Amino acid sequence: MTEVKFYNGDNVPLELHKVRIVQKLYLLPIEERLEKMIEAGNNTFLLKNRDVYMDMLTDSGVNAMSDRQQSAMLIADDSYAGSETFTRLEKVVQDLFGTKYFLPTHQGRACENIISQAFVEEGQTVITNYHFTTTKAHIALNGGDLVEAISEESLKVESDLPFKGNMDLDILENTIKEKGAEKIAFVRMEAGTNLIGGQPFSLQNLKDVRAICDKHNIMLIMDASLLGDNLYFMKIREEACKDMSIKEITKEVSDCCHLIYFSARKLGNARGGGICSNDLDHFMASRELLTLYEGFLTYGGMSVREMEAIAVGLEETMDFDNISQAPQFIKYMTDELLKAGVPVVTPAGGLGCHIDAMKFLPHVPQEEYPAGALASALYIASGARGMERGTLSEERNEDGSEHLSNMELLRMALPRRVFTLSQVKYVIDRIIWLYENRDLVGGLEFVDEPSTLRFFLGKLKAKTDWQEKLVAKFREDFPDSL
Ligand code: F0G
């Protein structure tokens, strides 16, 4: 994709696919968007997709499938046991990761449930580059805790570190020393580190982590859900990977890991998941849990149609053009926002464009959920929905006080191959308009707050009439536009 230069000098990501199936979208007038946002309790999870113009909530399970994936779904073999579909998927996984054993699951967190039950004992620690919500919850459920071995620089919103997802080797070594190797359940490397803005680790860092794990006889597990993005960044940012094919890089990455798991809602552009390993003991430790929680060993809770789509989707992930699309769109969006002075996570990562709500709305205190307020305001201003990734997504402290998040981000995901560039330009335009009018945006407060995972189902209201004022200003600036 980067090879194509425009005669007029523009730097525009050019799609190397064409659209052949479409879904109708609706863009409601701003007055109706305000009503819908209030009805949804200012929670973008509670909007009906019918009322959303651009669904940028997540890249999970909503990526566009290819013609080859769609056609593969037709030949799926439905047998409960010994399905040919399983054999096909297993073969692709073996070919890409070089692993012998493959356990299918219904999605990523199901892998985390099985892995945590099989390998985490009460009082043990998992060392990770950065946590993911569901991972942390499963480790805690099994009596373990999590230490994040990440440098302070990686946690800065603005940075020019090419591999912010790298594990900090000193923290890793020191934590092992401090706790004792036998207390470490495993080391977990998350590709395309989600919660710090879809940031990659380098192949060299992974090799260094593996060497430390070997020294202490500790298992290294990779969460490969966002591996597609991570492979793209290795290829373009890491000198040693420049002349390697994506398949060669994948093989080197997987050779570093004892066990790999993934959500196929992201990796493979379908819906499902799986665990891969070369170790018979790992396989046997997980096998019975799989039949208990997921389904028989040859479908693991997935529809066989999805499994066929995953098999093709994984193969297509080896195509550089395929995995370039999302990161290049994200970079385009990030660069355009930066030009307008909008604070965003840099360098641009995978998954989506992440807006820094703390800087966007410095007048909204963290207790009033700046990232949640920004998500609400942006839906009202544009009909696009993103996901709050800040204090609202945290659980309260035991004494009931707010647990203030390190970062207040609004994640605008770019599902792979779903949006056109003009749609991306539209949302950039509305974000810039909102930024110019940021003083109008105020805070939120809960009216209905669930005790766990409140960000999914909680309802909030605006603390003042700022939303009505925002709509009035929009109408002043856009008298005739939706
Ligand atoms: N690991 C990572 C890195 C993820 O990003 C996710 C999901 C999971 C595991 C869990 O996988 O959803 O298939 O059960 N991330 C989604 C998101 C939910 O929107 O970022 P799952």
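Helices (H or I, at least four residues) and strands (E, at least two) are DSSP runs, numbered from the N terminus. By that numbering, helix H4 (residues 108-119) gives the largest share of the shell around the ligand, three residues. The model is predicted: local features need pLDDT of at least 70, side-chain atom pairs count only at pLDDT 80 or more, and totals for chains, interfaces and linings use all residues. Residue numbers start from 1 along each chain as its sequence is written, and side-chain values use heavy atoms, with hydrogens and water left out.

**Ligand site**

- Around the ligand there are 16 residues, of which Thr-58, Gln-107, Arg-109, Asp-223 and Ser-263 come nearest; a residue is near a molecule or strand if one of its heavy atoms lies within 4 Å of it.
- The shell consists of one nonpolar, eight polar and seven charged residues; Ala, Val, Leu, Ile, Met, Phe, Trp, Tyr, Cys and Pro count as nonpolar, Asp, Glu, Lys and Arg as charged, and the others, Gly among them, as polar.
- Asp-223 places a polar side-chain atom 2.6 Å from a nitrogen atom of the ligand.
- Ser-263 has a polar side-chain atom 2.7 Å from an oxygen atom of the ligand.
- In the side chain of Arg-411, an N or O atom is 2.8 Å from an oxygen atom of the ligand.
- On its own the ligand has 470 Å² of accessible area, and the protein covers 94% of it; the areas come from the Shrake-Rupley method with a 1.4 Å probe.

**Packing of H8 and H12**

- Helix H8 (residues 227-237) packs against helix H12 (residues 320-339) at an angle of about 95 degrees, with the axes 9 Å apart; axes are lines fitted to C-alpha atoms over the stretch in contact, and angles run from 0 to 180 degrees between N-to-C directions.
- H8 is therefore roughly perpendicular to H12, a label for angles of 65 to 115 degrees.
- H8 contributes Gly-228, Asp-229, Leu-231, Tyr-232, Phe-233, Lys-235 and Ile-236 to the contact, and H12 contributes Phe-320, Ile-323, Ser-324, Pro-327 and Gln-328; contact means heavy atoms within 4.5 Å.
- Seven nonpolar, three polar and two charged residues make up the contact of H8 with H12.

**Backbone exceptions**

- Most residues other than glycine have a negative phi, and most peptide bonds are trans.
- The peptide bond from Thr-346 to Pro-347 is cis, with omega near -5 degrees, and Pro-347 sits in the loop between H12 and strand S9 (352-356).
- Arg-417, not a glycine, has a positive phi of about 65 degrees; Arg-417 is in the loop between strand S12 (409-413) and helix H15 (421-436).

Notes
Angles under 35 degrees count as roughly parallel, over 145 as roughly antiparallel, 65 to 115 as roughly perpendicular and the rest as oblique. A polar contact is a pair of N or O atoms within 3.5 Å; within protein, one must be able to donate a hydrogen and the other to accept it, and residues adjacent in sequence count only if both atoms are side-chain atoms.
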